[in-house]
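Visitor: I have a model open and want a guided tour. Can we go through it by question and answer?

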Amino acid sequence: MDLIESPDDAGFRRQARAWLEENVPKLPLPSGDTRQGFVAHIEWERTMYDAGWAVVSWPPEFGGRGATTSRWLIFEEEYYRVGGPQRVTQNGIFLLAPTLFEFGTAEQQQRFLPPMGRGDETWCQGWSEPNAGSDLAAIATTAVADQDRGGWVVNGQKTWTTRGAFCDWMFALVRTDTTVDRPHQGMTYLLIPLTSDGVTVRGFERLDGDEGFAEVFLEDVFVPDDQVLGEVNRGWYVAMATTTSERGLTLRSPGRFSASARDLVVLCRERLAEGRATDQDRDAVIRAWMDAEAYRLYVQQTATKMADGGDIGAESSLNKIWWSEMDVRLHRAALDLLGPEAEADVDRWMKGYQFALAGPIYAGTNEIQRNVVAERVLGLPRR
Amino acid sequence: MDLIESPDDAGFRRQARAWLEENVPKLPLPSGDTRQGFVAHIEWERTMYDAGWAVVSWPPEFGGRGATTSRWLIFEEEYYRVGGPQRVTQNGIFLLAPTLFEFGTAEQQQRFLPPMGRGDETWCQGWSEPNAGSDLAAIATTAVADQDRGGWVVNGQKTWTTRGAFCDWMFALVRTDTTVDRPHQGMTYLLIPLTSDGVTVRGFERLDGDEGFAEVFLEDVFVPDDQVLGEVNRGWYVAMATTTSERGLTLRSPGRFSASARDLVVLCRERLAEGRATDQDRDAVIRAWMDAEAYRLYVQQTATKMADGGDIGAESSLNKIWWSEMDVRLHRAALDLLGPEAEADVDRWMKGYQFALAGPIYAGTNEIQRNVVAERVLGLPRR
Amino acid sequence: MRFAFTDEQVELGAAVGDLLANRCPPEALRAAWSSDDGRIPGLWSSLAAMGLAGLCVPEVHGGLGMSVLDAALPMVACGYAGVPEPVVPTVLIAPGLLAAAGRHEHLSPIAAGDTTVSAAVLDDPWFVGADAADLLMLVGHRRDREMARLAVLVDRDRVDLEPVPSVDGARRLTRGVAGRGLGDWGEVLDAPDHEIDRALDRGLVGMSCLLLGLAERMLDLTVAHVQDRQQFGVPIGSFQAIKHHCADALLALDVARPVVWRAAWSLSNLPADDPAVAVHASMAKAYASDAAAECAAQALQCHAGIGYSTEYDLHLYMKRVWTLQRAWGDAAWHRRLVASAVIEGDYPDHPAPEHP
Amino acid sequence: MRFAFTDEQVELGAAVGDLLANRCPPEALRAAWSSDDGRIPGLWSSLAAMGLAGLCVPEVHGGLGMSVLDAALPMVACGYAGVPEPVVPTVLIAPGLLAAAGRHEHLSPIAAGDTTVSAAVLDDPWFVGADAADLLMLVGHRRDREMARLAVLVDRDRVDLEPVPSVDGARRLTRGVAGRGLGDWGEVLDAPDHEIDRALDRGLVGMSCLLLGLAERMLDLTVAHVQDRQQFGVPIGSFQAIKHHCADALLALDVARPVVWRAAWSLSNLPADDPAVAVHASMAKAYASDAAAECAAQALQCHAGIGYSTEYDLHLYMKRVWTLQRAWGDAAWHRRLVASAVIEGDYPDHPAPEHP
């Protein structure tokens, strides 16, 4: 065990810090979940990509720095420490990209990764459907082979598609074989341009009022064969790789929570100085700070395990339960500190609270995650 | 709504208070869950019965005062206010007696109620079996008709029988028809003397080390017909009346918790005076006090509903969840106040904590109760 | 001892509920979010016409002369509908306080529905709906009940009101900026401390009723949703985790109700200077805040993605809860008040005939 | 950066675990409850023979000269087995402190297993197993870390030790009654403040490891039970409520582990006067206490009636948790220490290369 950063890692941290402190926009950008803010955020992504900081964990040939998980965690810490903007490219670079690296052809990687990293092509995730939320295997959007044209014809509807109204592409799970015995079989992972004929996108509001969600209607949309990721009818298994990243490390690195916890401590100090925080507030604040710190340590342990060739697997569900519920507690502590003023803090803590409330829901509700932990980690019977 | 006691009720309270203050043993009796303590408690029950205070809600002809639920609640408040001893006759007078009043023949009532009230005959509940805990319908103890002798021959085993090693009689649920379609059918409610041939009782320790539990082995035990309570094969429905009392009011009246909460406040005051309680301790204490007070109000509302001819029904499950989990929180607050000294407070708060921990388990685990609330109060599908 | 509402009280609550089901459905509430004043056109007159505005105004001034207890179920109905009107200040806080201060001239207009009141109460940093209100009041003091009480009839000419956003689009907040002392804001009402205390307590109980109603609404939405929504081939309400979430929400709500009713009863029946009343009111606000927060949390989690959009109705009620649960003292704040009375003060530590 | 134990560390923990599985099974622990001294005959010599007693004693004094980090997994194994021996004072607290005070003469006997230590630490109102121990120490101060530190080698002739009951039958408590000042109890050790602080922190980390082991044991018992126990025709572990209870227990345990490892690492690798070490140790005790309490609560509820008897093994471990979770500062107490460092103090508020 060695918890002090190696000189090389420390150098990487300093380098990242220097660049970020220099380049991160001084004023907060408008919300990336609005049309206007999305554009501003994409510009920031380009700046990062061109300087080699957008996708540090990718190989250099695709614009990254080949950073290990440990280094990526360092970058994330530094990024959120200086208040770096929300990553609107996140679903592409953190969810699709790992799958492309694992299952994509060399041509697909060349075609899709650089513009994704640079924000020139933006991606949303097309998994959930009106009747397939927790029960993802109930996906009903179909793709039928069109051998004449060498591709697939897609029909159906996706929903809760984050930033779908602003994105160029969607990676989607669709049903290509309806005759299978088990619902997880017979699905295929497709890369679909949202500019295709037959695609209609309707943005709708999330809880905080931003147009951060979309419904995507697909009517006879043609998708060529070279936009199938992985094997036909094996889409579920291809997608699971992404799911593990999503629940596990890449969606919510500790750096984000460390930064929020620090902001909470600052808020608490202000309120204490004004005599407006109680011992109970103070305890809620330090709990949140400690929880963020515990999560950081937990993830470092996971990073070592992965570096040793281990696999996160079902433990990613524990990870997801922890960060999502911690984030709710952290923001609730802030609102309680603000007391009656919380309702008006709409751009900071109240917005953050609403965002945090999504955590126990998306990427598989925490009820499902607890089932997964009990069944796959502890071995309890599935019934 | 009228929350002030009527002059008559206030008079009843004063009368009860006067008698209790005069008669409640000044020194605590040894635990009623030990053989020696049980005897001491029975003596106390006799004293109460002879003065007409043991079973205030029973009709005068059986030694009671015909008290309404409201008055019974007043008596309970006064009883615990002066630190009245644990009621070791409880399973008889509060669980069996209501069933006897509802389903018993006049002969059975005459035969069983007075000695039960006076503690001359003590009763334990014979429901749970090694393989029938939460799943009470899995009861496997059988009773086979013996028409020659005019009764039933019982074989099987009961367990977790509270104070079974000290009691004279057991009221038990046994299977009299094994051919039924639904497991709730075909059971019969029997009154079994533990002195019968073929009965073996083995006491065993509860969590706190007292011999408060027993296993009761039944081998060809003969029970005459006049010791069947209610209809043969309808025992489940007879028993349910008792269950509702148990979960509902009679097992845990608010007075007990009001008294514990008051003791907790006293402990908190002591610790505050010594500078050994924090604001968080104080909050846990006042929460417990308020929760006990909320329970008192909740039960008063129920008492009015019952006085109006209403039925508690499945709401008794809400009641049971509340008092049982409140009692755990209340005792945990005390242990936290005591800090490192908690472990040594074995006769008071640590004993109380261990007793409280049984609350979410017995009379139907709280997991089962929450199912009942969801399904029968809110109407969610049973699946 | 009788712990139940009368048939008349239940009927009055139901009548208000029926009116609001028609006049304040989710669509109307949505419209209020984007209207100028955050209110529903004509709704206040309708409520006044059925007597709500003057419920606690003496009959001699055109009101119904009813008690806080009579007002409890109508207030719950207002909470259930998410009414975006100044019900608590107008119906519960102002009439008694104005009467105690001898300012009877406002009572008839209140009863008639012509005058509505916005009140900044206790630690409120702002007024809600000040622009649309006819009277502005400051009642209480900030953060510390031990300080001198104060009630002020605000003079708009002496205050600058700056708009402040709220997470609840129907709450139009304005922060007042004026001189240093509270008295600088307008006319200090001449009322005894205990009358101001009871006005605050009526406010707390009214707020608690709104919270109960909101909690009930969210629970109803949730129970309907989990019975309807199918996943894995069954209604999600058949999963034990969902059942237990719903049971926990109901438990919190059911326990809070009698605590709130008791406070309403005490305000209506105990002497105005009985210190127990404040304890009962604080308990009401503590339990109602916690119950509504619990129902909001379970409701959102049970609705999952479907509830996480403004296109679904849940957010209208949930966001109201987020505001009210922390207004006029959150649960922890009110528990501290109760603790002062019970642990350090002389609140009776055991039920007695003379003390409900 | 590498956050994992070495193979050697894992093996040492497993070796201690194997020995204890044989020598300290539940039956042996039960026997200890009714034995004279609450200990298991011969167990300490066996542990000493495999090196546990002298794990942190320098090699020159016959020990293994290992670090707190090396001791972590063996301590977890001791917790898992519910070992009723004075492991934490003897293995982790005393050797470093005695060495810092120049009292090397005790080190060889400790390493040899001939001397065991009972220590009253921080807010301990008593000694555990004083009669069976060879050395008695007082370390720390009561309730307030800011007061001067003090370590005392207790002179039995100057102290009356009165027995006190414990809910855990293997813990033999004795309350010491002596003169007014701590110094009256015996010989004050001459060690710098930060050495006493680190001795306390080693104690906290050792205690945290015991709690992790106990938590693990209870969770293992529970998982086995819910897979085995049938109700309603299925294993109760197939019910979602039981699954979620078990998942919550595992979550608490899994999150606590790296927090404890980090503290053990800091004690082994950071300078003895680095103030971060105390923060890490307090975090360890806070998370380990909460995790063990959570596992105890879920374990009992999942076992229901079966666990609610001393005939079943669960209580042996659960009662130990009830004692240790509140000894040497409970979770809330340690959170306050962390808060003082982070909110009011100068603990770095963001990870940096130089600070783990």
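Guide: A residue counts as buried if 20 or more other C-beta atoms lie within 10 Å of its own, and as exposed if 12 or fewer do. Bear in mind that this is a predicted model.

Visitor: Which residues of H11(C) are buried?
Guide: The helix is largely enclosed by the rest of the structure, because 10 of its 14 residues are buried. The buried residues are Ala331(C), Ala332(C), Trp333(C), His334(C), Arg335(C), Leu337(C), Val338(C), Ala339(C), Val342(C) and Ile343(C).

Visitor: What covers the buried residues of H11(C)?
Guide: Three chains take part in the cover. From chain C itself comes helix H9 (276-303). Chain B brings H7 and H8, and the cover also includes, from chain A, helix H8 (279-307).

Visitor: How far apart are the end C-alpha atoms of H11(C)?
Guide: Helix H11 of chain C covers residues 331-344. At 1.5 Å a residue, its 14 residues should span 20 Å. The model agrees with that, as the end C-alpha atoms are apart by 19 Å.

Visitor: What is the radius of gyration of chain C?
Guide: Chain C has 11 helices and 9 strands. For its 356 residues the globule rule gives 21 Å. The chain comes close to that, so it is as compact as a globular protein of that length. Its radius of gyration is 20 Å.

Visitor: What percentage of the residues in chain C is buried?
Guide: The C-alpha trace spans about 65 × 50 × 40 Å along its principal axes. Of the chain C contacts with a separation of 6 or more, 73% are between residues 24 or more positions apart. The buried share of the 356 residues is 62%.

Visitor: And chain A: what radius does the globule rule give for it?
Guide: Chain A holds 11 helices and 8 strands. Its radius of gyration is 21 Å, close to the rule's value for 383 residues, so it is as compact as a globular protein of that length. The rule gives 21 Å.

Visitor: What percentage of chain A counts as buried?
Guide: The C-alpha trace of chain A spans about 75 × 45 × 45 Å along its principal axes. Among its contacts between residues at least 6 apart, 71% join residues at least 24 apart. Of the 383 residues, the buried part is 56%.

Visitor: Which strands stand at the edges of the open sheet in chain C?
Guide: The sheet has 4 strands in the order S1-S3-S4-S7, with mixed pairing. The twist averages 25° from one strand to the next. Two strands have a single partner each, so one side of each is left without a neighbour in the sheet. They are S1 (117-121) and S7 (186-188) of chain C.

Visitor: Which residue in S4(C) stands opposite Leu138(C)?
Guide: Strand S3 (residues 135-139) of chain C runs antiparallel to strand S4 (residues 151-154) of chain C. The two are joined by 3 bridges. Opposite Leu138(C) stands Val152(C).

Visitor: Which helices pack on this sheet?
Guide: One covers residues 87-100 and touches S1, S3 and S4 of chain C, at about 80° to the direction of S1(C). Another covers residues 193-228 and touches S1, S3 and S4 of chain C, at about 110° to the direction of S3(C). In that order, they are H5 and H7 of chain C.

Visitor: Is Leu122(C) buried or exposed?
Guide: Leu122(C) lies in the loop between S1 and strand S2 (127-128) of chain C. Its phi is near 50°, a positive value in a residue other than glycine. With 21 other C-beta atoms within 10 Å, Leu122(C) is buried.

Visitor: Is Asp220(B) buried or exposed?
Guide: Asp220(B) sits in strand S7 (residues 213-224) of chain B. Phi of Asp220(B) is near 50°, again positive in a residue other than glycine. Its C-beta neighbours inside 10 Å number 12, so Asp220(B) counts as exposed.

Visitor: Which element gives the most to the side of chain B that touches chain C?
Guide: In this interface, 45 residues of chain B are in contact with 41 residues of chain C. The chain B side divides into 22 nonpolar, 8 polar and 15 charged residues. Elements supplying at least two residues include H1 (7-23) and H3 (69-81) of chain B. With 15 residues, the one giving the most is H8(B).

Key: Residues numbered from 1 in each chain as written. Chains lettered and ligands numbered in written order. Predicted model: local features only at pLDDT ≥ 70, side-chain atom pairs only at ≥ 80, totals over all residues. Contact = placed C-beta atoms within 7 Å. Nonpolar A, V, L, I, M, F, W, Y, C, P; charged D, E, K, R; others polar. Expected span 1.5 Å × (residues − 1). Rg over C-alpha atoms; globule rule 2.2 N^0.38 Å. Pairing = 2+ DSSP bridges. Axes fitted to C-alpha atoms, helices over the stretch in contact; angles between N-to-C directions.
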